[in-house]
Amino acid sequence: MWEIKIKREKSLPDPVGYKKAYDDCQGQELRDDLEKKAMGIAKGGFGNIFMIMFTLYMTGNMMNIFTIVIIGQFLWQAISTIAKMDQAFSALENRGISLFLYKLIYLSAGLLQLGVVLYKLYNIGLLPLNSADWIDLVPLHHQEEIVVPYSYN
């Protein structure tokens, strides 16, 4: 009778294209994978910035309903991106890595998106930053005395 004995060696490398699950990783590999995932989440907001800039450029400087809707959509997206920062990193909390730098990068991407939208609002005249926009708040000066020229003729 034929008998086949197969030896199992624990030190064989993983096959090409096989990725260990997080539970199977040990120590530094787990830390590196978590840091790569955190950096991917943090840099995700920067991908939208050029799309936002191009779309806002294509809307032009005329004020119409389409421009207002598109600007409103991008403004809401930027604010919700900043507001959902903790939710974006919730899967990586308490996993042994510091998320401060990654959250700072994520926040900077959200603030940059917000800045682009606010710049567009300023260009079309909806953001009151000029002194002429606030001229109604300057108190009027009322003259108390009037000087009238008198002629002796």
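Contact here means heavy atoms within 4.5 Å, and helices are DSSP runs (H or I, at least four residues) numbered from the N terminus. This is a predicted model, with local features needing pLDDT of at least 70 and side-chain atom pairs pLDDT 80 or more, while totals for chains, interfaces and linings use all residues. Residues count from 1 along each chain as its sequence is written, and side-chain values use heavy atoms, leaving out hydrogens and water.

Let's start with H5 and its partners. In H3, Ile 71, Phe 74, Leu 75, Gln 77, Ala 78, Ile 79, Thr 81 and Ile 82 meet a run of H5 residues, including Tyr 106, Gly 110, Leu 114 and Leu 121. Over in H2, the residues that meet H5 include Phe 46, Ile 52 and Leu 56.

Axes are lines fitted to C-alpha atoms over the stretch in contact, with angles from 0 to 180 degrees between N-to-C directions.

| Pair | Axes come within | Crossing angle |
|---|---|---|
| H2 (residues 46-59) and H5 | 10 Å | roughly 5° |
| H3 (residues 65-83) and H5 | 9 Å | roughly 155° |

So H2 and H5 are roughly parallel, and H3 and H5 are roughly antiparallel; the cut-offs are under 35 degrees and over 145.

Now for the cores: sets of buried Ala, Val, Leu, Ile, Met, Phe, Trp, Tyr and Cys joined through side-chain atoms within 4.5 Å, buried being under 20% relative accessible area with a 1.4 Å probe, protein chains only. The largest nonpolar core has eleven residues, among them Leu 34, Ala 42, Phe 89 and Tyr 102. H1 (28-43) and H5 (100-123) each supply at least two residues of this core. A second, separate core of eight residues includes Ile 52, Ile 71, Val 116 and Val 117.

Notes:
Buried means under 20% relative accessible area, exposed over 50%, partly exposed in between (1.4 Å probe, protein chains only). Angles under 35 degrees count as roughly parallel, over 145 as roughly antiparallel, 65 to 115 as roughly perpendicular and the rest as oblique.
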